[in-house]
Each structure stands twice: as C-alpha cells, then as structure tokens.
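Open your viewer and keep the selection tool at hand. We will walk from stop to stop, and at each one you will hear what to pick and what is there.

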Amino acid sequence: MSILVDRHTRVLVQGLTGAQGAQDTRYALDAGTQVVCGVTPGKGGAVVHGLPVYHTVAAAAATHAVTAAVVYAPPLAVRDAVYESLDAGLRLIVVLAENVPVHDAVAIRARAERADAVVVGCNTNGIITPRQCKLGGIGGDLPERIFVPGRIGIVSRSGGMSAELGHTLKCAGYGVSTAISMGGDAVPCTPMVAYLKRFDQDPGTDAVLIFGEPGTPNEREVAQYLQANPGHKPVIAVLAGEFQERYPPGASFGHAAAMIQDPADAVSAKRRMLREAGADVVQRLSEIASTLARAGVHPLPTLE
Amino acid sequence: MLNLTEDLTKAFLSAQGLPVPPGTACDTPSAAHAAAQPLRGGAVVKALVAAGRRGKSGAVALVDDADAAQQAAQRMLGTAVAGLPVDRVYVEAREAIAHELYLSFVLDSYPPRMLLSCRGGVDIEQTHAQTPEAIVVMEVDPVHGVMPWDALAGWERAGAQARWLPGLGRLTAALWQAFVAADAQMLEINPLVVRADGTLVLVGAMLAVDDAALARHPAWRAFARSAAQRGGRIANDRERAVIDANERSPGAVFRYTELDGDIGLVVGGGGASLLQHDLMLAMGGAPANHLDATPGAGWQDKMGAVLDAILANPCVKGLLVSYNFLQLVRVDQRMQLIVDLLRARGIDPQRLPIVVRLFGPGEDEARRIAATLPGLHYMPPDSPIDAAVQRIVELTQ
C-alpha cells in the first residue's frame with residue numbers, strides 16, 4: 001500500500017520533449033512507472049521513448065485516461081502549466097521547477113484547494129512508491145539504491161534529504177511505503193500536514209519520518225494535528241537549520257513582520273512543539289532506526 | 001527577498017496610478033538643495049537605504065527650505081544606517097498630516113495577510129503590543145484578491161471615519177493590485193496620510209519583492225545586484241565574486257555566506273547543508289561559511305568560484321565536502337572536478353584537512369579519483385552524514 005501513487009497511476013509528462021523531462025521519464029519507465037504520454041505545446045505528434053506527445057493536456061488526458069501529471073515547465077511558465085492540468089481534470093500534479101515566484105505558488109495553491117487537487121511542490125524532486133510509481137527525479141536512475149519497498153512514509157521539505165532518509169532506512173533494514181519531497185519553498189502548494197493525514201489513513205504505512213526546516217507553519221501544523229489526534233501513527237522528525245537562530249537577523253524592514261511573525265516558525269520551537277505533541281525528534285540520522293524500534297516498528301523481511 | 005529603496009518603491013507606486021508625494025533621489029548636498037527649492041510647503045530629507053526605523057535613527061529630517069535640505073543631506077551622506085552605506089538621500093515634499101493610518105500586505109506563508117490600523121506612525125509596534133485590537137489582521141484569498149468593499153469593511157472595523165471609507169476602500173484595493181503586480185512579499189504604507197480635506201497620500205512606503213520574480217521586473221535588476229546582501233549585511237569581496245560567477249551564466253546558483261568559523265563547507269543540497277551546519281555546531285566545530293546551491297548549468301565554473309572564495313578566506317583550517325546521497329548527479333564527475341580544482345590551486349590535503357562524503361552513482365570511480373590526491377579523507381561506504389561532520393571537526397581541532 002502507499003499514498004497518492006501506485007502501480008495503477010497513469011502519468012502524463014508536461015515538457016516530455018525537454019532534456020530533464022526526457023531523462024527523468026526514461027528512469028521512471030525503467031523503474032516500472034506507467035508513463036503514458038507527454039505534452040509540449042507546439043510539438044504535438046512527436047514521440048519520445050515510444051510515448052506520444054500532444055499540444056494540450058486536455059487532448060492527451062482524454063485519449064490516455066491520465067491520472068497524474070509531472071510538470072517540467074521553467075519557473076515562470078509553471079503557473080499556466082498547472083492551471084492547464086487542473087482545467088483538464090487532473091487531481092495529482094507534481095511541479096519540479098525551483099525559483100517559481102511565490103505569488104504564482106500562492107495562486108496555484110488557491111486553485112488546487114478549490115479543485116480538491118494535490119499539487120506536490122513547487123521545487124520538489126518528486127514522489128516515489130518503490131517498484132510501483134516514481135514521479136520526478138527522485139531516486140535517480142536506480143531508485144532501489146535508495147528506496148526499497150517497506151512500511152515507513154517519508155515527507156521531506158528537502159529533495160536531497162528524502163534520499164538521505166530513504167538510504168538511512170534501507171541501511172537499517174527498513175523500506176518505504178511512499179516517499180514525498182514536498183518542496184522547500186515558502187509556500188508549498190500542499191502543506192506537510194496533508195501528507196501526514198494520508199499516511200495516517202494508509203494501512204501500508206506503520207510510521208512516518210518527516211524532515212523540516214526553518215520558517216513556514218508546516219511543522220507547527222503537523223504538531224497541532226498530532227496533538228488533536230492522539231491515535232496517530234509514530235512520527236519521527238528531523239529538523240535542520242537551528243543554527244540560523246544564532247546569527248543576527250538583517251536590518252529590519254517595516255513593522256509588519258514583527259507584528260505577525262509566529263515565533264513557532266523557528267526550528268527550536270518546532271522541535272519543542274513536535275515533542276510535546278508526541279513525535280520523536282532526533283538530530284542525528286543514526287538515531288532513526290533505534291527510535292523506530294523503540295516505537296515498536298521493526299524491519300520486515302525483504303519482499304523478494 | 002529584495003528590499004527596495006524608497007525612490008524605486010515610490011516610482012513604482014506612482015506608475016501604478018497611486019498617490020505619492022513628489023520626490024527626488026540625490027547623491028550630493030547641492031542636488032538636495034536643487035530638489036528642495038521648488039517645494040513650497042517644506043521638504044523631508046531621508047537617507048536612501050533599504051532599512052526600517054530610519055525616523056528613530058536620525059536618518060529623516062524635516063526641513064523648511066532648500067538650505068536646510070542641503071545641510072541635512074551633507075550630514076547624512078557618507079554615514080551608515082543599519083549597516084547600510086548612505087550614498088544618496090531622498091528629498092520629498094512635506095505633507096500636512098491630519099491623520100496617520102497604517103496598512104500592510106504580507107506574503108510570508110499561505111494565505112497572504114492584510115494589516116490595517118487607524119493608529120499609524122513610528123509607534124505601530126508598541127500599539128500592537130499594548131492594544132492588539134487596534135490592528136485588524138485579515139487573510140486574503142489569492143483568487144478573489146482584495147475588493148474595495150472587502151477593504152472598506154476592514155477599515156470600518158479598524159475605526160476609520162465614515163467619510164474616509166470610500167477612498168480607503170478604493171485605494172486599498174488598488175494597493176493590493178500593485179502588491180501582486182510587483183511580485184511583492186511585503187508592502188507597508190506607514191503612515192498612510194489623511195489630509196485635512198480627507199484626501200489620501202502614501203507618505204511612508206516600503207516594498208520587499210521576490211528575487212525569483214526579478215525576470216518580470218527588469219527595472220529592479222541593477223539595484224538587486226548592487227544591494228546583494230549575505231547574512232544581513234552587504235556582501236564582502238569573496239561573496240561578491242561568487243555572486244558574479246552566478247550572474248555570468250543562467251543555470252546553477254550558489255549562495256555563499258561567510259561566518260566566523262574555520263571549517264569551509266562545500267555542502268548540499270539545501271536540507272543537508274542545514275543539517276550539517278547544525279551538527280557541526282553541536283559537535284563543537286564552527287563553519288567558516290554557509291553554502292546553499294541550486295543545481296543547473298555552469299555548475300563547474302561556479303563551484304570553482306566557491307572553492308576560490310573558501311580557500312581565500314584566511315580563517316579556513318579545514319574543508320568538508322559532503323552531500324546527501326546523490327540521485328541524479330554522478331559522484332565521479334563531482335569528485336574529478338573538486339580534485340582538479342584543488343590540484344590547480346596547489347592545495348595539499350596533508351596540510352589542509354579535507355573530508356569527503358560523496359555517495360551515489362559512480363562512487364567506486366570517485367574513490368579511485370580521490371586516491372590520486374593523497375591525504376583526502378573519503379568516508380567509508382554507507383557511513384552516516386553525522387560521521388563526516390564529526391571527522392572534520394576532529395581533524396581541525
């Protein structure tokens with residue numbers, strides 16, 4: 001079991017004809033993902049890795065019963081690309097681009113909430129359910145080097161750290177139900193707590209590993225959710241960036257921030273809130289396996 | 001986030017059709033004299049730096065004539081305010097203030113927020129601390145935006161006089177549109193002045209915009225370059241060299257910030273950089289820099305600039321080259337580049353301790369490449385990220 005993606009997910013690639021779109025798609029196909037078509041405006045009729053390319057998402061989605069899109073548009077083209085997939089009825093959209101303007105991310109998130117869609121990112125390297133479906137660059141050319149099937153969920157604000165956590169679990173004999181790089185931007189299109197709720201409902205997940213960073217209310221919202229749902233699954237949190245609190249802030253600019261800034265958005269406060277809400281907070285990745293074991297979550301025999 | 005200076009902010013607001021007092025940026029006292037000459041009702045001279053609290057740090061002067069404007073400019077030019085050099089002043093027409101209001105939009109997380117108060121002015125934070133109800137905070141739905149009637153209702157809650165409401169509603173809605181058009185993360189109008197006749201004018205204005213959107217705002221790019229900051233201060237020469245390397249070509253971006261410590265960090269990605277920095281401090285080590293990188297084209301050239309900066313920093317006594325488990329980048333290519341760069345710069349790892357943790361595709365070959373530069377400490381396969389940090393801390397003690 002898994003969340004969001006599995007062997008039945010039928011994937012459309014926006015920007016399949018570009019270098020990164022083509023390379024990631026090659027690796028995704030090799031990893032068993034059902035990529036079914038691509039879209040590049042102006043390049044309809046092209047074929048990449050045997051997959052047909054269309055001018056529009058609507059035409060591609062109507063022909064191929066698509067259930068998810070991966071977006072390889074450059075940052076300033078992301079907003080329109082996501083709107084196009086939402087308009088075509090897609091309800092799972094993964095956005096890879098880094099440096100998407102925050103006003104665009106905010107607009108995407110508002111539209112996605114209205115459509116009851118999940119937009120992963122921006123600035124994510126993707127999501128993976130090992131041996132079933134991989135959207136984006138996550139795991140690279142040989143995802144099993146990092147992510148093996150298992151029963152731990154991962155949600156990370158850092159793409160690189162989702163790999164580091166996957167590898168840490170693998171070295172300790174654990175595997176992953178689904179790993180999600182949610183993107184490290186100030187406004188993610190889907191907040192961390194939304195993924196955690198899905199993992200809590202997923203019978204294939206026994207515990208969740210989260211990686212947090214300074215700023216944003218993501219980790220505070222997770223703590224509030226855990227507090228309100230005492231029956232939640234074990235959550236292990238790794239939070240990085242506390243050092244920023246040791247350095248002086250820059251010159252103040254305006255009064256607004258001082259009036260509305262939430263002190264709970266600092267890493268030290270997030271750690272405290274998560275602990276109080278019942279999560280296990282660790283600083284060293286080498287503590288993850290023993291913490292899982294203490295929570296009664298043990299490695300399974302490999303599913304060969 | 002890029003904090004704009006007042007001249008750029010006011011020029012932008014004016015171009016959006018919003019009411020701002022006439023003003024001129026001046027880089028000499030005589031230019032300030034000339035700018036103040038035609039202003040009949042007196043002038044305000046302000047140090048033109050992108051910092052708040054200028055009124056409380058002597059960087060704002062109310063003057064009655066052009067001679068006084070010149071003297072104020074003379075006094076401010078060449079000083080520093082909030083660590084920023086004052087090389088220009090802003091000379092602006094003085095407004096007759098009947099009432100001071102406060103308005104800001106903030107986009108630091110979802111959703112954006114609007115703050116309104118009828119008790120504007122320099123003590124707004126004190127007002128907030130003592131009587132928080134005097135500041136109305138409203139969430140803004142990004143699809144709907146701020147309509148005049150939404151804003152009017154907010155101002156009514158904030159206690160605005162009835163006769164101001166129609167104008168405030170329209171002005172606030174127009175300011176929201178300007179906020180979006182600027183790709184702003186913060187816009188603060190303080191004070192928003194009500195004149196005796198009930199008309200409105202934007203006297204204090206601060207605008208912070210999104211760096212990621214600068215491609216849509218060419219007018220601000222030159223300023224962005226000159227104002228580049230690292231760690232809350234103006235970038236030093238080594239940091240500037242890395243910024244210049246980033247700008248030579250589109251693609252990869254390395255954000256290099258120097259700190260007080262002695263261990264150079266060549267680390268990534270973003271999360272692993274934060275984690276290793278925390279671990280190093282917890283283990284008693286002190287980073288000489290923070291590094292955060294966006295992968296992309298021109299990576300080799302820009303990494304060379306980062307290594308040059310780190311090696312030119314006289315405080316550096318050791319180097320940590322450590323990434324999270326790599327997924328798409330070939331480890332051998334990265335190792336080859338770093339070994340080449342170190343060799344070209346005559347670095348002997350037997351004198352300058354260097355710990356390497358590069359795991360991922362091509363790792364076996366990377367280990368062979370590393371072995372050609374004797375003394376590199378390559379972490380054993382599968383060792384955790386904290387072990388690499390521990391090792392460099394021990395080697396530099």
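Begin with K46(B) and E6(B): both are buried, meaning under 20% relative accessible area, where over 50% is exposed and anything in between is partly exposed (1.4 Å probe, protein chains only). Before you go on, note that this is a predicted model, in which local features need pLDDT of at least 70 and side-chain atom pairs count only at pLDDT 80 or more, while totals for chains, interfaces and linings use all residues. Residues are numbered from 1 along each chain as its sequence is written, chains are lettered from A and ligands numbered from 1 in the order in which they are written, and side-chain values use heavy atoms, with hydrogens and water left out.

**Stop one: charged pairs**

Show the side chains of K46(B) and E6(B), which meet in a salt bridge at 2.6 Å, N to O; the term stands for a side-chain nitrogen of Lys or Arg within 4 Å of a carboxyl oxygen of Asp or Glu. This pair links distant parts of the chain, 40 residues apart: K46(B) lies in strand 3 (residues 43-47) of chain B and E6(B) in helix 1 (residues 6-15) of chain B. Helices (H or I, at least four residues) and strands (E, at least two) are DSSP runs, numbered from the N terminus.

Next, which residue of chain A forms a salt bridge with R216(B)? Pick D104(A): the closest N and O atoms are 3.0 Å apart. The pair crosses between chains, from the loop between strand 13 (205-209) and helix 7 (221-226) of chain B to helix 4 (residues 102-115) of chain A. R216(B) is partly exposed at 30% relative accessibility, whereas D104(A) is buried at 1%.

Within chain A, select D141(A) and R145(A), a salt bridge with its closest N and O atoms 2.7 Å apart. D141(A) is partly exposed at 28%, and R145(A) is partly exposed too, at 24%. Over all chains, the structure holds 36 salt bridges.

**Stop two: the sheet of chain A**

Switch to cartoon view and find the open sheet of seven strands in chain A, with the order 3-4-2-1-5-6-7 and mixed pairing; two strands pair if DSSP finds at least two bridges between them. Its edge strands are strand 3 (47-48) and strand 7 (118-120), each pairing on one side only.

Strand 1 (residues 11-14) and strand 2 (residues 35-39) of chain A are parallel, paired over four bridges. Look there for Q14(A), opposite V39(A).

Now colour strand 6 (residues 92-95) of chain A. Both of its faces are covered, with L92(A) and V94(A) buried on one side and I93(A) and V95(A) buried on the other. Strand 5 (residues 68-71) pairs with strand 6 in the parallel sense over three bridges, and V94(A) is the bridge partner of V70(A). With helix 3 (residues 78-87), these two strands make a right-handed β-α-β unit: with the strands pointing away from the viewer, the path from the first strand over the helix to the second runs clockwise.

Strand 6 also pairs with strand 7 of chain A, parallel and over three bridges, and I93(A) stands opposite V119(A). The crossover from strand 6 through helix 4 to strand 7 is right-handed.

**Last stop: a helix residue**

Finally, select T291(A) in helix 10 (residues 288-294) of chain A. T291(A) is buried at 2% relative accessibility. Leaving aside residues up to four places away in sequence, T291(A) touches I236(A), D280(A) and V282(A), contact meaning heavy atoms within 4.5 Å.
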